[in-house]
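Visitor: Please put the model up. I have some questions to work through with you.

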Amino acid sequence: MTTRTTSGAQAGDWLVVPVPPLERGWRWGRIVEQLAGPGPARFRVRWVGNDRDSVVAPPAGYRIESAGDWPVPPSSAIGLWPDPVGAHAPEQTS
């Protein structure tokens with residue numbers, strides 16, 4: 001799995017944000033574009049299950065997931081628990 005930094009975000013990648021209040025779930029949105037400008041990172045995204053774009057400044061704990069590793073969101077784009085980090089990690093062989 002390739003988690004990208006904000007500077008490496010590309011259109012088509014996923015913006016994954018924790019769902020409050022417990023941050024046990026994750027909401028997935030396709031990045032349409034990263035908006036230029038000073039201050040915190042801002043993205044125009046299309047959330048899974050929604051047909052409109054929205055502009056967001058992601059909350060603490062967000063991450064960018066590569067579209068190559070996640071061509072579609074995991075089984076549910078909201079309410080994943082535990083955190084899917086490592087779900088695509090290669091298996092260890094002896």
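Visitor: Is Arg63 buried or exposed?
Guide: This is a predicted model, where local features need pLDDT of at least 70, side-chain atom pairs count only at pLDDT 80 or more, and totals for chains, interfaces and linings use all residues. Residues are numbered from 1 along each chain as its sequence is written, and side-chain values use heavy atoms, with hydrogens and water left out. Buried means under 20% relative accessible area, exposed over 50%, and partly exposed in between (1.4 Å probe, protein chains only). Arg63 has 9% relative accessibility, so Arg63 counts as buried.

Visitor: Over which ring does the charged end of Arg63 sit?
Guide: A charge sits over a ring if NZ of Lys or CZ of Arg is within 6 Å of the ring centre and within 35 degrees of the ring normal. Here the distance to the centre is 4.4 Å. The ring under the charged end of Arg63 is that of Trp26.

Visitor: Which side chain makes a polar contact with that of Arg63?
Guide: A polar contact is a pair of N or O atoms within 3.5 Å; within protein, one must be able to donate a hydrogen and the other to accept it, and residues adjacent in sequence count only if both atoms are side-chain atoms. Arg63 is found in strand β6, residues 63-65. At 2.5 Å, the partner side chain is that of Glu65.

Visitor: How many helices and strands are there in the protein?
Guide: Helices (H or I, at least four residues) and strands (E, at least two) are DSSP runs, numbered from the N terminus. The elements run β-β-β-β-β-β from that end. The count is zero helices and six strands.

Visitor: Which residues make up the largest nonpolar core?
Guide: A nonpolar core is a set of buried Ala, Val, Leu, Ile, Met, Phe, Trp, Tyr and Cys residues joined through side-chain atoms within 4.5 Å. The largest has ten residues. They are Ala9, Leu15, Val17, Ile31, Ala41, Phe43, Val45, Trp47, Val56 and Ile64.

Visitor: Which strand gives the most to this core?
Guide: β2 (14-19) and β4 (42-47) each supply at least two of the core residues. The top contribution is three residues, and it comes from β4.

Visitor: Which residues does Val56 touch, beyond four places in sequence?
Guide: Contact means heavy atoms within 4.5 Å. Val56 belongs to the largest nonpolar core. Its contacts are Leu15, Ala41, Arg42, Phe43, Val45 and Trp47.

Visitor: With which side chain does Ser54 make a polar contact?
Guide: Ser54 is found in strand β5, residues 53-56. At 25% relative accessibility, Ser54 counts as partly exposed. Beyond four places in sequence, Ser54 touches Phe43, Arg44, Val45 and Trp47. The polar contact, at 3.0 Å, is with the side chain of Trp47.

Visitor: Why is the pair of Trp14 and Trp28 edge-to-face?
Guide: Rings of Phe, Tyr and Trp (its six-membered ring) pair if their centres lie within 6.5 Å; planes under 30 degrees apart count as stacked, over 60 as edge-to-face and the rest as tilted. By this rule there are three aromatic pairs. The rings of Trp14 and Trp28 have centres 5.7 Å apart, and the pair is edge-to-face because their planes are at 75°.

Visitor: Which parts does the pair of Trp14 and Trp28 tie together?
Guide: Trp14 and Trp28 are both buried. They lie 14 residues apart in sequence. The parts tied together are strand β2, with Trp14, and strand β3 (residues 25-35), with Trp28.

Visitor: What is the angle between the planes of Phe43 and Tyr62?
Guide: Phe43 and Tyr62 form an edge-to-face pair, 6.4 Å centre to centre. Phe43 is in strand β4, and Tyr62 is in the loop between β5 and β6, 19 residues apart. Phe43 is buried at 0% relative accessibility, while Tyr62 is partly exposed at 25%. The angle between the planes is 65°.

Visitor: What separates the C-alpha atoms of Pro58 and Val17?
Guide: Pro58 is in the loop between β5 and β6. At 15% relative accessibility, Pro58 counts as buried. Beyond four places in sequence, Pro58 is in contact with Leu15, Val17, Ala41 and Phe43. Pro58 and Val17 are 41 residues apart along the chain, and their C-alpha atoms are separated by 6.8 Å.
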